[in-house]
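Dear colleague,

Please find below the structure for your review. My notes on the metal sites follow it.

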Amino acid sequence: MCSKGKLTIGAHMSIAGGLIKTVENTAAMGADTMQIFSRNPRGSNFRTPSQDEVDRFQQLRRKYHLGPILAHAPYTMNLASPKPEVYEFACTVIREDVIRMDALGIENLVFHPGSHTGIGVEEGIRNIIAGLNQAITGEENITVLLETMSGKGTEIGERFEHLRAIREGVAFPEKIGVCLDTCHVFSAGYDIVGNLDQVLEEFDKVLGLELLRAVHLNDSMMPFASRKDRHAAVGEGEIGLEALLKVTTHPALKNLPFYLETPFDDAGHKEEIYMIRERRPEE
Ligand code: FE
Ligand code: FE
Ligand code: ZN
């Protein structure tokens, strides 16, 4: 028996070959979960799977014992935007994708809160709250996750307080969770290398650790507190292997699903997952 405890880990996967193929590819990588885009990453297109495909997807994910699956909303979606056409598009995408991903039985849908582009954090947060309120009915099973961001440009979400303000403002806060991105919090100035305990204590104080549903496990090409968002392979960035392995074994995090968004294809992610499982210290 392995004394390290079970680590649930996967990577961001392409859905170009369809959902079924994506689950097969995930299992072939030795992963036990996956992240997929909820639609074309630029946001315009999506394909509606047939009921037969949905059923086979459910069967297959059970067969391989996949952990919680994470859908990622398109990067182009800006729910904080003051521009009517940009905002309306974002509202449509989040509304449709909550319904679509919930219908697939996917557990969590993560999105980048958005960039206020000059109107200020408070106004931006007001837009995000209104956008979530027109998308979430309170009846769905899916949880919508706010991602911690690096704070590049006018990005909202680089402070835990931003995410709290969003969650506290919506009509159904119980449908909102958080996805912690290790690259983003590090570049936003939370010192997960020098003092992970303190960062998690602060998260607990501001948001509550029970809101954490997922971790994006990425190294950072950019230095600490740089407010720049460039992912590196695990162990090849400024965070480093040791600190990232500690993230995977920390008592507050170790039971969460981890998703790699590192610059690799499936073959590279397969090796990265193997390396992480091998090098993970005893608890
Ligand atoms: Fe993201
Ligand atoms: Fe991320
Ligand atoms: Zn990023």
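Donors are taken here as N, O and S atoms within 2.8 Å of the metal, and water is not among the atoms, so sites may look incomplete. Please also bear in mind that this is a predicted model.

On that basis, Glu-147 bridges two metals, the iron ion (ligand 1) and the iron ion (ligand 2), which are 3.1 Å apart. Because His-72 belongs to strand S3 (residues 70-72) and Glu-147 to strand S6 (residues 143-147), this pair ties together parts that are 75 residues apart in sequence. His-72 counts as buried, at 0% relative accessibility, and Glu-147 is likewise buried, with a relative accessible area of 0%.

The zinc ion (ligand 3) lies 5.4 Å from the iron ion (ligand 1). His-184 (NE2), His-231 (NE2) and two OD atoms of Asp-229 coordinate the zinc ion (ligand 3), at 1.9 to 2.7 Å. Its donor residues follow the pattern H-x44-D-x1-H in sequence. The angles among the 4 donor atoms run from 51 to 140°, and the site is irregular. His-184 sits in helix H6 (residues 182-188) and His-231 in strand S11 (residues 231-232), so the pair ties together parts that are 47 residues apart in sequence. Both His-184 and His-231 are buried.

Yours sincerely

Technical notes:
Residues numbered from 1 in each chain as written. Chains lettered and ligands numbered in written order. Predicted model: local features only at pLDDT ≥ 70, side-chain atom pairs only at ≥ 80, totals over all residues. Heavy atoms only, no water. Donors = N, O, S within 2.8 Å, 3.2 Å for Na, K, Ca; no water. Helix = DSSP H or I, 4+ residues; strand = E, 2+ residues; numbered from the N terminus. Buried < 20%, exposed > 50% of the residue type's maximum accessible area, 1.4 Å probe, protein only. Tetrahedral: all angles 85-135°; square planar, octahedral: opposite > 155°, others 65-115°.
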